[in-house]
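Visitor: Hi, could you walk me through this one? I'd like to jump between topics as we go.

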Amino acid sequence: MAAALEQAQLARTSGEVPIGAVLVIGDEIVARGFNAPIGRTDPTAHAEIVAIRSAAAAIGNYRLTGSTIYVTIEPCLMCVGALVHARVGHVVFGAPEPRWGALVSSLQAHEAPGLNHRVAVTGGVLEQECRRLMQDFFKERRQAAARDAD
C-alpha cells in the first residue's frame, strides 16, 4: 500500500484527485497507476484502470489471473467491473469511499450473481494515511476556491 500511496502523491502533484494503485503478481509490482482523467483527457483514467492497462501490456495478456491490486481508495463501479473482467484475484484498498465505493460502501458489485469471476476484497490497509491524503487535498481545494472568491 505504501507504493500505492506514492502513486497517489504523484496524482496530487499533477492536480488530480490523489488516488494511486499498484498491481502485483507474485512478489513483484508489475504496474503502477494514479488518477489522470484531467491530464489524459480520459474519464476512464482512474488509478486502477491505468494500472490494469499497464499490467496487461507488461505481461502480454488481458487476463491478470492471480494478481493483487492495491489501491488507496475503494474502487468505483467502473473500476470494479474492469477488475472483474481482468480476472484480478484480490483487491486491497485503503479507505472506503462512502458515496461511490462499489465493493463495501454503496454497492457490493463484485458479488453480483451473474459474474463468472469472484474477487477477494480486503479493506482498511493504511486507512488513516489514505483518508488523510484525500481530506487534505480537498481541504486545500476548498481553501484555494475561497481565496479566489475574495
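Guide: Happy to, so let's start with a cysteine. The sulfur of C130 has its closest cysteine sulfur in C79, 15 Å away, which is too far for a bond. A disulfide here is a pair of cysteine sulfur atoms within 2.5 Å.

Visitor: Before we go on, what kind of model is this?

Guide: It is a predicted model, where local features need pLDDT of at least 70 and side-chain atom pairs count only at pLDDT 80 or more, while totals for chains, interfaces and linings use all residues. Residues are numbered from 1 along each chain as its sequence is written, and side-chain values use heavy atoms, with hydrogens and water left out.

Visitor: Thanks. Is C130 buried or exposed?

Guide: C130 counts as buried, at 1% relative accessibility. The cut-offs are under 20% relative accessible area for buried, over 50% for exposed, and partly exposed in between, with a 1.4 Å probe and protein chains only.

Visitor: And how far is the sulfur of C76 from the closest cysteine sulfur?

Guide: For C76 that distance is 3.7 Å, again to C79, and this is too far for a bond. C76 is also buried, with a relative accessible area of 18%.

Visitor: How many disulfides does the structure hold, then?

Guide: Zero disulfides.

Visitor: Let's switch to the strands. Why is β4 called largely enclosed?

Guide: Because five of the six residues of strand β4, residues 90–95, are buried, the rest of the structure largely encloses this strand. Helices (H or I, at least four residues) and strands (E, at least two) are DSSP runs, numbered from the N terminus.

Visitor: Which way do β3 and β4 pair, parallel or antiparallel?

Guide: Parallel: β3, residues 68–73, is paired with β4 over five bridges. Two strands pair if DSSP finds at least two bridges between them.

Visitor: What sits on the β5 side?

Guide: β5 covers residues 120–122 and runs parallel to β4, with three bridges joining the two. There, V91 has V121 as its bridge partner in β5.

Visitor: How covered is β3?

Guide: Mostly covered, as five of its six residues are buried. β3 is also joined to strand β1, residues 20–25, by four bridges, and these two run antiparallel. A21 stands opposite V71 in β3.

Visitor: What about backbone angles, say the phi of T41?

Guide: T41 has a positive phi of about 50°, although it is not a glycine. Most residues other than glycine have a negative phi. T41 is in the loop between α2 and α3 and is exposed, at 71% relative accessible area.

Visitor: And what is phi for R87?

Guide: Near 65°, another positive value in a residue other than glycine. R87 is found in the loop between α4 and β4, and it counts as buried, at 16% relative accessibility.

Visitor: Last topic: what volume does the largest pocket have?

Guide: About 610 Å³. On a 1 Å grid over the protein atoms alone, a pocket is an open set of points where a 1.4 Å probe fits, with protein on both sides within 12 Å along at least five of seven lines, and lining residues have an atom within 4 Å of a point. Grid points are joined across faces, edges and corners, and the volume is the space filled by probe spheres set on the points.

Visitor: Which residues lie nearest its centre?

Guide: V17, I19, I73, E97 and M134, out of 26 residues that line the largest pocket.

Visitor: Which element gives the largest share of that lining?

Guide: α5, with five residues. α2 (37–40), α3 (47–59) and α5 (127–149) each supply at least two residues of the lining.
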